[in-house]
Amino acid sequence: MRNFWRDIKGTLQPFWITLGYLFKKPVTIQYPEEKRTPPPRYRARLVLTRDPNGGERCVACQLCSAACPVDCISMQAAEDEDGRRYAAWFRINFSRCIFCGLCTEACPTLAIQTTADYEICNREVLNLVYEKQDLLIESGGKDTEYNFYKHSGIGVAQVRGEGEEEHGPVDPKSLMP
Ligand code: SF4
Ligand code: SF4
């Protein structure tokens, strides 16, 4: 008899819980008619940003490519006339990207950044291969003030030792006993 009442309770309880949800606000969103605003640090489409002078931040160091667990970033490095490196071409295959954000963590120049643009689905896989012209934006993204060359001062954008956090060059002979 005890089992009988336990089974009755077990049968009715789920209906009771379902009934309770009929009077709660639904959490389902009617996408694409309704769109959610993702949180600010949401990781979706990647972009390449520019420094405050409008220059390309990317120096084609390949670190993002090395950090990417699914190998979906590729590029070719080039140098302009003053020795500043840039990516001659830069490609991300979003059909493989898992939006982990590791590339943005690895980037020393803040060039590659995630955005909240999650609407990049496409039935054609080749349309998910983004080239540099698709990735490069006219903005500094999340930090518009950061200028890699001002901090690192690698003797390309200014004289060695003139970077904001850079020590002047040292003559190795002066260190000898
Ligand atoms: S977000 Fe992750 S998977 Fe996508 S390109 Fe960056 S490192 Fe690769
Ligand atoms: S996006 Fe950043 S990590 Fe990737 S190549 Fe350019 S500078 Fe290096």
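Modeller: Along the sequence, the protein chain runs α-β-α-β-β-α-β-β-α-α; helices are DSSP runs of H or I with at least four residues, strands are E runs of at least two, and both are numbered from the N terminus. It's a predicted model, where local features need pLDDT of at least 70 and side-chain atom pairs count only at 80 or more, while totals for chains, interfaces and linings use all residues. Residues are numbered from 1 along each chain as its sequence is written, with chains lettered from A and ligands numbered from 1 in the order written.

Colleague: What puts residues in the shell around ligand 2, and which are closest?

Modeller: A residue is near if its C-beta atom, placed from the backbone, lies within 6 Å of the molecule. For ligand 2 that gives 13 residues, the closest being Cys 58, Cys 61, Cys 64, Cys 107 and Ile 112.

Colleague: And what classes make up the shell around ligand 1?

Modeller: 12 nonpolar, 1 polar and no charged residues. Ala, Val, Leu, Ile, Met, Phe, Trp, Tyr, Cys and Pro count as nonpolar, Asp, Glu, Lys and Arg as charged, and the others, Gly among them, as polar. Nearest to ligand 1 are Cys 68, Cys 97, Cys 100, Leu 102 and Cys 103.
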